Amino acid sequence: MAKSAVKKASNVFVWIILGLLMIGLAGFGIGSFGGSATRVGQVGDVEITANDYARALQNEIRARIAETGEPVNLADLRAQGIDTAVLQAMVARAALSNAAMEMGLSVGDEEVARQITEIDAFAGVDGEFDRESYEFVLSQQGLDPAEFEEDVREDTARSILQMAVVGGLSAPAVYAETLVAFQGETRDFSIVSVTESDLADGLPEPTDADLTAYYDENPERFTRPQAKAITYAWITPEQIMDDVEVDEDTLRGLYDERIELYVQPERRLLERLVFGTEEAAQEAVDAIAAGETDFDALVAERELTLEDVDIGEVAEGDLPTAAAEVIFNDTESEILGPLPSTLGPAIYRVNAVLQATEVPFEEARDDLRQELAEDAARRQIDDMREMIDDELASGATLEELANLTAMTLGQIEYVATSEDEIAAYDAFRDAADAVREGDFPELLDLSDGGLFALRLDEVIPPSLPPLDEIEDEVSAAWRATALRAAVAERASDMVTELAEGAALEDLGAVAEERLIRRQDFVPDMPPTMVAQAFQLDEPGDIVMVPAAEAAHIVRLDAINPAARDAPDTSILLQILSQTVTQSLAQDIFESYGQALEVQAGIELDQGVINAVHATFP
């Protein structure tokens, strides 16, 4: 029985062994920690060595690099508190080892050997355990076989202890059933919405006093955020393309190259079913004409799909002459044949007739010119790059740059939400976010082939504009606030009417929502409506849900229990049972580990910890 427990525990916690192997697979490690002080700490009778702590930190660094693909060092880990978490995990492991040792939990050499020989990283070219590979992998981390084997023995003992503590846990059935009943419940409710049109006197226009009071009471709504006053010089293909000369012969040549796009003959969308003989094809046509079968059935009989027989968009010249003459002269029949094809006698189904089209050069000219002009403008801008760079390098200001080149000078009070003109480009916004006072203008690329350079002139602190400058904005905000209050007040009056005996259907148009789940959203309704409907206790209960431009009266019509026999309910029950079991196991084992730590006592040497940190670059 003990042997069975060992096997079960080692299977469950094989990740512990694999974690140790990540060290060897990384191909490099940290050497032995030198000096006289080699113990980071101790839990009971179990020591945490400096080498073990250094190795654990190195493993964490490697894992972060593998996860992010970015360089990571110890300083990065310490900034996130990861070093503390690593040490706490080692303390927890030591506490478990100490408890296992006090209980006499261990495994023999045979079990240790079995686990080690089953690890692929130690296999030779023949797939079997290889002693030399084993020793080489361990030496990469400054470990010897005896030390590693002792680690395996301790890990297995810890896993046995863990299985003993939480291995038999399961979630109480009533707990999961209660959660499923809660989550699977649905509700039916009805809604009457109150909007501005339902206000008896409408919404009044604000007076000057109203606007002044609202402005004074809500300064934060109108305060402009911190901005950057930026001067920039830029040039884009669109700015100069109208000045680019495009030769008429070049336009004509491009049109001729693409003539198949502009001049297309009449075409048909066809499906073709080929037969072995003319007689077989005729029999199929006759059967279709007699109503005994249809084209789709014939295709299925041949174990083909419609994709197999679809030949797509076909011009007259794409078909054999005899077939083309019939197909392109018949504008009414759907099924034609038997007719020749490159594969033999066939019947054709016409799915659509595409009339001939022609776009003359005069109509295509503007689009062709724009395309060529944009290309030419990009090349011109690219040719300017070196000259503009030289001017900036020699100390030219953006104003001088605009005078010396075709670049345009502009200014903007930039905030994070700016998106007009040059601020529509991601490259400009990135540069504007990053620029600091004193930064030298740098030539940067725009996504459409343009160039720009910018300079920070001033950081503008947050400011509240005078009322007369933003009167329209204040008026709109006042109106929105007044509307929200007015429809909510009217809805509250209607709720009172309902309490006095009125029917919801008499108060306005009723929208019905049925079988709504807790996690559902009702389109065009406040996101909190469903949650508030689920807070109602009994059918007939009412709640008023305010929103920006309307208020909604919600009446609970029915509470529908979860369908216990539904497939999704049984799946949910299984998932919740597993989740609760795992959560219970985690909480219990964490509490158990903390108790072991307190019972055994923890000693840590901060000087040695600091010395280990100092060995990392």
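In this predicted model, strand β3 and strand β16 (residues 551-560) run antiparallel and are joined by nine bridges. How many of the nine residues of β3 are buried? Eight of them are, so this strand, which covers residues 186-194, is largely enclosed by the rest of the structure.

Strand β16 can be followed onward to strand β15 (residues 542-546). Five bridges join β15 to β16, and the two run antiparallel. V545, for instance, stands opposite H552 in β16. A hairpin of four residues makes the link from β15 to β16. In a regular strand, side chains alternate between the two faces of the sheet.

With 29 residues at 1.5 Å a residue, α22 should span 42 Å, and its end C-alpha atoms are 42 Å apart, which agrees. Which residues of α22 are buried? They are V474, A477, W478, A482, L483, A486, V487, A488, A491, M494 and L498. The cover over these buried residues includes the strands β3, β15 and β16, along with α10 (208-217) and α11 (219-222). Just after α22 comes G501, which takes a positive phi of about 115°.

A further pair of helices is worth a look. Two packed helices are described by the angle between their axes and the distance between the axes. For helix α5 (residues 82-103) and helix α24 (residues 567-600), the axes come within 9 Å and cross at roughly 75°. An angle from 65 to 115 degrees counts as roughly perpendicular, and α5 and α24 are therefore described in that way. On the α5 side, the contact is made by V91, A92, A95, L96, N98, A99 and M103. On the α24 side, F589, Y592, L596, E597 and A600 take part. What kinds of residues make up this contact of α5 with α24? They divide into 10 nonpolar, one polar and one charged.

Key:
Residues numbered from 1 in each chain as written. Predicted model: local features only at pLDDT ≥ 70, side-chain atom pairs only at ≥ 80, totals over all residues. Heavy atoms only, no water. Buried < 20%, exposed > 50% of the residue type's maximum accessible area, 1.4 Å probe, protein only. Pairing = 2+ DSSP bridges. Axes fitted to C-alpha atoms, helices over the stretch in contact; angles between N-to-C directions. Parallel < 35°, antiparallel > 145°, perpendicular 65-115°, else oblique. Contact = heavy atoms within 4.5 Å. Nonpolar A, V, L, I, M, F, W, Y, C, P; charged D, E, K, R; others polar. Expected span 1.5 Å × (residues − 1).
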